[in-house]
Amino acid sequence: MTAIDTFFNARFIGSFQSHEELPADSGDEIAFCGRSNSGKSSVINALTKNKKLAKTSKTPGRTQSINLFCLKDEEEKRLIDLPGYGYAKVSKSKRKEWGLIIDEYLNLRESLRGLIIIMDIRHPLKDSDQMLISWCQKTQTPFLILLNKSDKLSKNQTRSELMKVKKRVDGTSVYHEILTFSSKDLVGLNDLSKCLEKFLLI
Ligand SMILES: Nc1nc2c(ncn2[C@@H]2O[C@H](COP(=O)(O)OP(=O)(O)OP(=O)(O)O)[C@@H](O)[C@H]2O)c(=O)[nH]1
Ligand SMILES: [Mg+2]
């Protein structure tokens, strides 16, 4: 079995509004987080080869709760789709509520093994991205930065954005990787799968 096969046929476990509602905090989880519309749900669908698994949308603010998926034969290995940061068009109170959902998940979930921080490669390192990187450093949580939507840029632009992000995380003492990715063209899938296997101890 190759690294990619591990994530095929992942299953939806459920959608939860808060940390208290989540199922038992055992096993290993990886959370996909980042700004609204960066492509978190699309990356999960690309990885699992199932376009209908996580709900995606052209309009930001699609994922509004904590969505859990497990690997086909291993309920104790899970992928977590979180709401996005920074969607300006929802009310202040909604944004606060989503922020709280994410904060509680990150700070209270014992089975969290690593973060996949997804950025739109055209607009990387926004405040919420910087905050997530600092949180990983502080809590020594391994992280992978996915510079998604690389299909939107030329090879040169892609390389230049990658260098910019590398410079920012250079010297971060916790285990980390940075990959350029496209969930549209399925670029970077093999490397993402390998990294996830490492985080999930597979
Ligand atoms: N061109 C291109 N578009 C992408 C890529 N990944 C995602 N998209 C598009 O970006 C939009 C947002 O994708 P989602 O996966 O819903 O983003 P999200 O981060 O889950 O958004 P929220 O749940 O609202 O926080 C959709 O229209 C996707 O089709 C990519 O690699 N390339
Ligand atoms: Mg989403």
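The legends below describe several views of one predicted model of a protein chain.

**View 1. The whole protein chain and the order of its elements.** The protein chain holds five helices and seven strands, and from the N terminus on these elements follow one another as β-β-α-β-β-α-β-α-β-α-β-α. Its radius of gyration is 16 Å, close to the 17 Å that the globule rule gives for 202 residues, so the chain is as compact as a globular protein of that length. The C-alpha trace spans about 45 × 45 × 35 Å along its principal axes, and 39% of the 202 residues count as buried. Among the contacts with a separation of 6 or more, 74% are made by residues 24 or more positions apart.

**View 2. Strand E5 and the strands that pair with it.** Strand E5, residues 112–120, is largely enclosed by the rest of the structure, because seven of its nine residues are buried. Strand E2, residues 28–34, pairs with E5 in the parallel sense over six bridges, and in this pairing Glu-29 stands opposite Leu-112 of E5. E5 also pairs in the parallel sense, over six bridges, with strand E6, residues 143–148, where Ile-145 is the bridge partner of Ile-117.

**View 3. The β-α-β unit that contains helix H3.** Together with helix H3, which covers residues 127–139, the strands E5 and E6 make a right-handed β-α-β unit.

**View 4. Helix H4 and the glycine just after it.** Helix H4, residues 155–169, has 15 residues and reaches 21 Å from its first C-alpha to its last, which is close to the 21 Å expected at 1.5 Å a residue. Just after H4 comes Gly-171, which takes a positive phi of about 90°.

Technical notes:
Residues numbered from 1 in each chain as written. Chains lettered and ligands numbered in written order. Predicted model: local features only at pLDDT ≥ 70, side-chain atom pairs only at ≥ 80, totals over all residues. Buried ≥ 20, exposed ≤ 12 C-beta atoms within 10 Å, placed from the backbone. Helix = DSSP H or I, 4+ residues; strand = E, 2+ residues; numbered from the N terminus. Pairing = 2+ DSSP bridges. Right-handed = clockwise from strand over helix to strand, strands pointing away. Expected span 1.5 Å × (residues − 1). Rg over C-alpha atoms; globule rule 2.2 N^0.38 Å. Contact = placed C-beta atoms within 7 Å.
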